[in-house]
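Welcome! Here are some exercises to work through with the sequence and the 3D view side by side. Try each task before reading its solution.

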Amino acid sequence: MLQSDYTTSQLDVLEAEAIHVMREVAAEFERPCLLFSGGKDSIVMLRIAEKAFWPAPIPFPLMHVDTGHNFSEVIEFRDRRAAELNTRLVVASVQDSIDAGRVVEETGRRASRNRLQTTTLLDAIEEHEFDAVFGGARRDEEKARAKERMFSFRDDFGQWDPKNQRPELWNLYNARIRKGEHIRVFPLSNWTELDIWDYIRREGIEIPSIYYAHTRKVFERDGMLLADADVVNRDEDEPAFETVVRYRTVGDMTCTGAVQSDAATVEEIIAEIAATRITERGATRADDRASEAAMEDRKKEGYF
Amino acid sequence: MDILRFATAGSVDDGKSTLIGRLLFDSKAIFEDQLEAVERTSRDRGTEYTDLSLLTDGLRAEREQGITIDVAYRYFATPKRKFIIADTPGHIQYTRNMVTGASTADLAIVLIDARKGVVEQSRRHAFLTTLLRVPHLVLAVNKMDLVDYSKERFEEIREEFTAFAAKLNVADLTFIPISALHGDNVVSRSENMPWYQGTSLLHHLENLHIASDRNLVDVRFPVQYVIRPQRATDPALHDYRGYAGQVAGGVLKPGDEVMHLPSGLVTRVAAIDTFDGPLEEAFAPMSVTLRLEDDIDISRGDMICRPNNRPQVAQDLQAMVCWMSDGLKLGPRTKLVIKHTTRTARALVRDLHYRLDVNTLHRDESAPSLGLNEIGRVSLRVTQPLFVDDYARNRLTGGFILIDESTNGTVGAGMIVDAR
């Protein structure tokens with residue numbers, strides 16, 4: 001891990017930075033929580049949390065915003081991981097928000113609960129009085145996220161104001177907020193998709209099976225392969241077919257596309273990503289394709 | 001593979017975003033879908049070439065106004081290194097962003113338009129880089145294609161800048177003539193400038209030695225968090241007491257004699273713990289957990305150092321402060337919150353000694369206050385002792401931020417001088 005000339009490898013630098021950020025949050029906030037979706041970034045974040053406080057348990061609960069349209073393999077993984085760590089898991093349900101009349105379900109064939117998650121998330125933050133919320137977002141994912149801070153201030157309405165962000169210098173983070181406000185914390189800000197996979201390989205971290213190549217019934221829409229499932233509205237002119245795919249990102253089934261791939265091991269995934277010419281969100285996320293500033297707009301509202 | 005963090009300074013007009021776009025593009029860090037989006041936008045706007053600056057200017061307002069508003073972080077890797085770019089805007093009103101980007105940078109690239117030569121903004125950027133103690137500075141003389149790749153023009157600029165840099169404390173200065181638009185001397189050596197004997201910019205970034213830029217001499221371990229596994233099922237952990245933090249300087253080893261501040265008590269390092277097992281040594285920037293041989297009352301904000309090499313224990317600080325608030329001004333009697341390493345206290349501005357003109361380096365001793373993006377030397381009185389070093393000796397124990405208690409905004413960045 002270490003070399004005699006005191007250089008530190010990129011993964012060790014990134015891990016040390018993320019651990020520092022986590023400990024800073026645990027020290028300065030009263031009620032932090034960690035957003036855990038069962039996706040690879042949040043899995044890495046959870047491993048960092050384990051490391052940051054070892055041999056003590058992770059000193060905050062996990063939270064998942066469940067659209068009800070998630071992959072069953074991922075939900076199973078989420079529950080098992082939380083149980084293994086003996087950590088409290090808060091599940092905030094979009095279905096509950098719909099039932100309570102907080103949000104209205106979209107209709108039509110492109111109906112997705114992706115955007116509705118924001119309300120559910122903000123309601124849960126308010127209900128549980130969370131003052132710091134760890135997210136696994138990375139700056140390399142998307143151009144609006146490239147401008148994001150490690151400690152990102154959210155006002156009473158959960159909104160992000162990209163033009164008025166707190167400067168962040170050295171390893172000093174400003175954790176001061178008023179009641180009702182919160183900070184989104186992104187310990188993996190400086191990681192790239194490849195760093196995440198390299199780390200998963202190095203640490204031997206388990207990930208949900210859908211990241212590996214498997215046979216699945218899918219259909220094509222806008223050049224993306226969507227799962228043929230009850231919750232996805234497939235039209236008759238969108239024939240379903242079976243093929244070998246894997247997922248590069250894990251989100252709501254209605255807007256997360258699979259990629260055709262034979263990569264069945266972490267090593268094969270790394271080789272595939274190193275050679276790929278399309279970003280993970282570009283390849284697999286319908287939600288970012290809405291417009292040039294789709295992510296910025298959603299983030300301003302309080303999205304992850 | 002290690003990481004090099006670098007900041008780029010310059011305005012869109014200097015071709016900064018084009019240079020970054022070029023580095024990303026030529027190192028294949030730009031993907032097809034990103035490039036397609038940029039090409040589409042460029043076409044829509046009637047730009048003749050693919051405007052690579054659109055890759056970095058991500059916010060709606062930036063695209064609309066054609067300017068960079070905020071620090072953007074970009075990533076690329078070559079087989080030799082991973083790079084983190086802090087892309088900072090060049091406009092005068094955004095000095096605070098440059099200071100932010102430079103605070104963690106190993107290297108800064110200041111861009112100069114070969115046609116315009118050294119202008120006020122170049123001097124300001126170079127000064128800020130040295131103020132923030134970025135160890136390596138590259139003067140990239142851009143748009144060489146527009147001056148016929150003239151050696152004479154490049155030498156003229158080099159001489160002019162060298163004369164100015166003599167007034168600054170530049171540790172390592174390199175000049176590289178480039179054309180970001182055409183790629184000359186960016187990734188590979190240009191055939192258009194056979195007179196240039198140096199390396200390409202990327203080659204320089206890949207091969208620069210940075211490991212020794214960190215302070216490996218003065219042991220500094222700010223205690224960040226105390227780990228006490230109280231509900232652990234393992235009875236062996238009942239008495240576990242670990243001090244977690246990120247090493248800010250020096251090299252720590254088990255068995256080392258260490259001193260705790262503020263108590264001044266001396267003990268030894270019993271073990272350096274991590275999730276992955278105990279370590280034989282720890283140094284910056286590692287995040288570790290120390291166990292000590294003796295029970296000492298230690299909490300967040302305390303410092304572990306060596307008995308014969310301690311930071312200054314100070315309640316009165318001298319510092320250069322970059323002011324970042326557009327509302328509040330900094331002047332005598334201004335009360336603020338100070339965050340230094342893991343310690344937070346309140347601070348009172350006792351005196352503003354002078355305001356520094358970042359263009360001329362002139363010191364205005366009659367200035368009543370500092371406004372947004374102004375830099376000056378101040379004396380602070382802090383409510384509890386801080387464990388400080390000169391910023392020049394250690395960026396992590398010499399830097400601090402100032403927070404406005406009424407808005408909770410980060411309003412200043414300080415660099416300690418004359419600590420000893």
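**Exercise 1. Two helices in chain A**

At what angle do helix H6 (residues 193-203) of chain A and helix H7 (residues 266-275) of chain A pack, and how far apart are their axes?

Solution. Keep in mind throughout that this is a predicted model.
Step 1: H6(A) and H7(A) pack at an angle of about 165 degrees, and their axes are 10 Å apart.
Step 2: Angles over 145 degrees count as roughly antiparallel, so H6(A) is roughly antiparallel to H7(A).
Step 3: The crossing of this helix pair is left-handed.
Step 4: Now look for the touching residues. H6(A) contributes A:Glu193, A:Leu194, A:Trp197, A:Asp198, A:Ile200 and A:Arg201, while H7(A) brings in A:Val266, A:Glu267, A:Ile269, A:Ile270, A:Ile273 and A:Ala274.
Step 5: Sorted by class, the residues of this contact are eight nonpolar and four charged, with no polar ones.

**Exercise 2. A sheet in chain A**

Find the open sheet of chain A and work out which strands stand at its edges.

Solution. 
Step 1: Trace the six strands in the order S3-S2-S1-S4-S6-S5; their pairing is mixed.
Step 2: Strand S3 (89-93) and strand S5 (151-154) of chain A each have a single partner strand, so they stand at the edges, and one side of each has no neighbour in the sheet.
Step 3: On average, neighbouring strands here are turned by 30 degrees against each other, direction ignored.
Step 4: Zoom in on one pair. Strand S1 (residues 32-35) and strand S2 (residues 62-66) of chain A run parallel and are joined by two bridges. In this pair, A:Leu34 stands opposite A:Leu62 of S2(A).

**Exercise 3. Where the chains meet**

How many residues does each chain give to the contact?

Solution. 
Step 1: Chain B gives 53 residues and chain A gives 49 residues.
Step 2: On the side of chain B, strand S2 (residues 72-77) supplies the largest share, four residues.
Step 3: That side of chain B consists of 28 nonpolar, twelve polar and 13 charged residues.

Methods. Residues are numbered from 1 along each chain as its sequence is written. Chains are lettered from A and ligands numbered from 1 in the order in which they are written. This is a predicted model: local features need pLDDT of at least 70, side-chain atom pairs count only at pLDDT 80 or more; totals for chains, interfaces and linings use all residues. Two residues are in contact if their C-beta atoms, placed from the backbone, lie within 7 Å. Ala, Val, Leu, Ile, Met, Phe, Trp, Tyr, Cys and Pro count as nonpolar, Asp, Glu, Lys and Arg as charged, and the others, Gly among them, as polar. Two strands pair if DSSP finds at least two bridges between them. Axes are lines fitted to C-alpha atoms, for helices over the stretch in contact, and angles run from 0 to 180 degrees between N-to-C directions. Angles under 35 degrees count as roughly parallel, over 145 as roughly antiparallel, 65 to 115 as roughly perpendicular and the rest as oblique. A crossing is left-handed if the near helix is turned anticlockwise from the far one by less than a right angle, and right-handed if clockwise.
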